[in-house]
Amino acid sequence: MRTRYVLLPAIGSILLAALLLIAGRRVSATPQAPPVVIRMVESADGSQVAFDPVGVHVQPGQIVRWVQAANFHSVSAYHPANGRHECRIPTDATPWDSGVLTGLPGTAGASFERTFHQEGVYDYFCLPHEQSGMVGRIVVGRPLAGPGTRPCNYAPEKGWEVVPESARQSLPAVSEILRLGQVPCVWR
Ligand SMILES: [Cu+2]
């Protein structure tokens, strides 16, 4: 009888350890979705520049990596912190700005990455080429009802920079991004 009382807690501990081990394995065995790569490209005659794909749908926690394939670009969130641009990312999300990437294609300085955790729509632009319509849109999980789902220039009273017509034309519809997963740039 005495042996049983000694053994029971021991068995319990072993079971608990086994369960934790299985749980741990399960977590580490979950395949992390690979980064989504967006190339910053230029047309053959150099007259057009774009993020390609221009629209992507990712899952919360997924990494987006931008790679400079030609010319020099930035990856800058549409947010008042970035030169008083319009807020077009989820209200509580942190804005980002890569600055103009000066690395030549193929070097470490030619890429930028960011992990998106918060669901919603994120619009961003290239600082040197916003006027040329070099903008992009990312949907993380569900689009929800944040600023990125509103029409461009939705709050003129704020005095933010006006989103140029060329940029408006380039942003793919949220519904198209959700349907296709990735929307290539129009001139490709
Ligand atoms: Cu650019």
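Strands are DSSP runs of E with at least two residues, numbered from the N terminus, and two strands pair if DSSP finds at least two bridges between them. The model is predicted: local features need pLDDT of at least 70, side-chain atom pairs count only at pLDDT 80 or more, and totals for chains, interfaces and linings use all residues. Residues are numbered from 1 along each chain as its sequence is written.

**Exercise 1.** Describe the hairpin of β1 and β2.

Solution. Start with the turn: six residues lie between β1 and β2, and Gly46 in the turn has a positive phi of about 75 degrees. Next, the pairing: β1 (residues 36-42) runs antiparallel to β2, with four bridges.

**Exercise 2.** Find which strands stand at the edges of the open sheet.

Solution. Write out the order, β2-β1-β4-β6, a mixed sheet of four strands. β2 (49-52) and β6 (111-116) each have a single partner strand, so one side of each lacks a neighbour in the sheet.

**Exercise 3.** Identify the residues that touch the most other members of the largest nonpolar core.

Solution. Such a core is a set of buried Ala, Val, Leu, Ile, Met, Phe, Trp, Tyr and Cys residues joined through C-beta atoms within 7 Å; buried means that 20 or more other C-beta atoms lie within 10 Å of the residue's own, with C-beta atoms placed from the backbone. Among its 37 residues, the answer is Tyr122 and Ile138.

Methods:
Buried ≥ 20, exposed ≤ 12 C-beta atoms within 10 Å, placed from the backbone.
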